[in-house]
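Hi everyone, thanks for coming. Please have a look at the model on the screen while I talk.

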Amino acid sequence: MARSKIATVTVPSGGQSSIVFSSIPQNYTDLLLVIKSQSTISGVEPDNIFAQVNSITSGYSAKLLYATSGTINSVNNPNNFTNKGMVGISSSTGSAGNAWGVSTTYIPNYTKSVYKTFSVDAAAEGSSNNAWSSQFAMLAGLLSNNAAITSLTLTHAYGNFGQGSTATLYGVTAASVLPTTITTA
Amino acid sequence: MGQAVVALASITLDTAKGSVTFSNIDQSFRDLILVVSQATQNDPYRQYRFRVNGDSGANYNQIRMYGTGSGASSSAENNSTEILIFNNGAGSALASMVTNFMDYSVSDKHKVLIHRADAPDAITLAEVARWANTSPITSITAYTPAGEFVVGSTFILYGVKA
């Protein structure tokens, strides 16, 4: 889709606790968030990434499907968080320093007065350099709030973003075609 | 340098409707992407289905994996008369769906569709399907066999350049 980069954040040496996209332009149709990341926490493989929309701290829910360690499972509301929404997973900065989590989140109609849906695909190799500690995840997220999305604040469930982690926000537009409104049954 | 992905058509419903069709699809691209944000009403099964080129014959194979929050599963159908994606959005919880139609304009291979669907109050799902026909895809019809897509549902078709 016609896609434009809005902003990229790269985490510097020393890491940081959050990544923030503020003053998000309102002239696109959808948003795409791409994260390549490590978490500074050890002993958690992988660490889930969450996003808070604007200053909204309630109304988040999700269905998660994930595969790890030879098993597959599905849960509601990962980490039992309902004050922010999951948007990815990170590898640890531990022993396998070359492992990075990769996550994409698609948010359609982010400026419209509708509940917001988050479609997430993510994968991360665990820190023990063992494929069995890796994880693949798909998630259907919902923010039961009609507000347009003007900011996203990303944090981990446990650790900070490690040096070199990047998050890129893209705007996707269908503005090149005029919408056809169907009015007849 | 032109854009690699181009919006071809956009449909927004301001009245509830049982189906939406993109016809006379531009054949100058390599792949198609259909991005949908919608919910259904008056259908307790919240079904979302589609066909290509109006083909209602037993020419679709599909396999899917999905999670409902209470369990993970997979299922498949061979020689089906349609591509089935179940558990649409309902109420205010719109479903987000992205379908890639790979090599849609070629005439020497069957067509593969890769689909992701997320209805946050019900399911997260990934599916791959094959339309057993070498004809180029010239139309796509998305429909719900019972009920209608609600007002405000959006369907956007993009072309991906080679």
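I'll start with how two chains meet, then move on to the spaces in the model.

First, some ground rules: residues are numbered from 1 along each chain as its sequence is written, and chains are lettered from A and ligands numbered from 1 in the order in which they are written. This is a predicted model, where local features need pLDDT of at least 70, side-chain atom pairs count only at pLDDT 80 or more, and totals for chains, interfaces and linings use all residues, while side-chain values use heavy atoms, with hydrogens and water left out.

About 3100 Å² is buried between chain B and chain A, 64% of it on carbon and sulfur atoms. G69(B), R116(B) and P120(B) supply 17% of the area that chain B buries against chain A, more than any other three residues. Buried area here is the accessible area (1.4 Å probe) that two parts lose on being put together, summed over both.

R116(B) also forms a salt bridge with D121(A), with the closest N and O atoms 2.7 Å apart. That term means a side-chain nitrogen of Lys or Arg within 4 Å of a carboxyl oxygen of Asp or Glu. The count between chain B and chain A is one salt bridge.

Now the spaces. On a 1 Å grid over the protein atoms alone, a cavity is a set of points where a 1.4 Å probe fits but cannot get out, and a pocket is an open set with protein on both sides within 12 Å along at least five of seven lines; lining residues have an atom within 4 Å of a point. Grid points are joined across faces, edges and corners, and a volume is the space filled by probe spheres set on the points.

The largest pocket holds about 300 Å³ of space. Its lining has 14 residues, and those nearest its centre are L32(A), T104(A), Y106(A), D121(A) and V98(B).

How many cavities of 30 Å³ or more does the structure hold? There are two. The largest cavity has a volume of about 100 Å³, and 16 residues line it, with S61(A), A62(A), K84(A), G85(A) and M86(A) nearest its centre. The second largest cavity has a volume of about 40 Å³. Residues from both chains line that one, including T29(A), P108(A), V35(B) and I156(B).
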